[in-house]
Amino acid sequence: MAGDQLPYEGVLVTAFDPFGEHKTNPTIAAAEAVARECPGVLTEVLPVEFEAATVRIRELMDEHHPHTVISMGLAAGRTEITPERVAINVMDAPIPDNSGAQPIDEPVVKGGPAAHFLTLPNKAIVQALKDEGIPASLSNSAGTYVCNAVAYAAAEYAESRQGVFSNGTVLNTGFIHVPESADRSPVTGEYPALSQHTVNAAVILSTQISTEPRSDLRYSAGKIS
């Protein structure tokens, strides 16, 4: 290892607090697992609050200058690990966030583009997870809650920096949704779930794939509906 540089320096991984009926959030344990297994990665748990979370992700990127940003969120009801393809410029909250805010049809960034494509090697991540027997698929919608807002805010920040550092390193951002944790959530019986071990392994592998010098895979992951 050259100098004192750790292999995952420059990687930011964020999780979320519990919210709504969910008294735990499997992304917190997943972030802790990434911190243990990927030396040098920076992790933080974000509040499930539209304003505070979008401000904080920008602050973290401005302070630490990561080259890779991987945010995670809980998507109760999903059965697979789902990297997100796109984040859209709208906040339309089905439930209040943890601050009590419930924006309806409001932009994440006033005057921003309608959407940002996220730039992790998402199809490579999905294929790597499947190769390890972990249920995974590419998602074409991150929803309109705080997860999508954070994904959009991070991508907008990267776009404002033109996505490339002075040394030629590309700034990539992305978002990964995970199902409920079968062994941690008191409402697991109401939703499909994966074991926390599987969620942790999926996020660790996604982090590793995201930081390898590679082009994304090209195969059909489109959906008609």
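Reply: The largest cavity has a volume of about 50 Å³. That volume is the space filled by probe spheres set on grid points, which are joined across faces, edges and corners. The model is predicted: local features need pLDDT of at least 70, side-chain atom pairs count only at pLDDT 80 or more, and totals for chains, interfaces and linings use all residues. Residues are numbered from 1 along each chain as its sequence is written, and side-chain values use heavy atoms, with hydrogens and water left out.

Me: What makes a space a cavity and not a pocket?

Reply: Escape of the probe. On a 1 Å grid over the protein atoms alone, a cavity is a set of points where a 1.4 Å probe fits but cannot get out. A pocket is an open set with protein on both sides within 12 Å along at least five of seven lines. The structure holds 1 cavity of 30 Å³ or more. The largest pocket has about 270 Å³ of space.

Me: Which residues line the largest cavity?

Reply: Phe16, Phe19, Asn25, Val48, Gly73, Leu74, Tyr145, Val146 and Cys147. A lining residue has an atom within 4 Å of a point. Strand S3 (68-74) and helix H4 (146-160) each give two or more residues to this lining. Helices (H or I, at least four residues) and strands (E, at least two) are DSSP runs, numbered from the N terminus.

Me: How many residues of the cavity lining are nonpolar, polar and charged?

Reply: There are 7 nonpolar, 2 polar and no charged residues. Ala, Val, Leu, Ile, Met, Phe, Trp, Tyr, Cys and Pro count as nonpolar, Asp, Glu, Lys and Arg as charged, and the others, Gly among them, as polar. The largest pocket's lining divides into 9 nonpolar, 5 polar and 1 charged.

Me: Why is Cys147 called buried?

Reply: Buried means under 20% relative accessible area (exposed is over 50%, partly exposed in between; 1.4 Å probe, protein chains only). Cys147 has 10% relative accessibility, so Cys147 counts as buried. Cys38 is at 0%, so Cys38 is buried too.

Me: How many disulfides does a search of the whole structure find?

Reply: It finds 0. The test is a pair of cysteine sulfur atoms within 2.5 Å.

Me: What makes strand S7 mostly covered?

Reply: In S7 (residues 172-178), 7 of its 7 residues are buried. Asn172, Gly174, Ile176 and Val178 cover one side, and Thr173, Phe175 and His177 the other.

Me: Which strands pair with S7, and in what sense?

Reply: Two strands pair if DSSP finds at least two bridges between them. S3 and S7 have 7 bridges and run parallel, with Leu74 opposite Val178 in S7. Strand S4 (residues 82-83) joins S7 by 2 bridges, antiparallel. There, Thr82 stands opposite His177.

Me: Why are S2 and S4 called edge strands?

Reply: The open sheet of 5 strands has the order S2-S1-S3-S7-S4, with mixed pairing. S2 and S4 each pair on one side only. For S2 (residues 42-46), 5 parallel bridges join it to S1 (residues 11-16). Thr14 has Glu44 as its bridge partner in S2.
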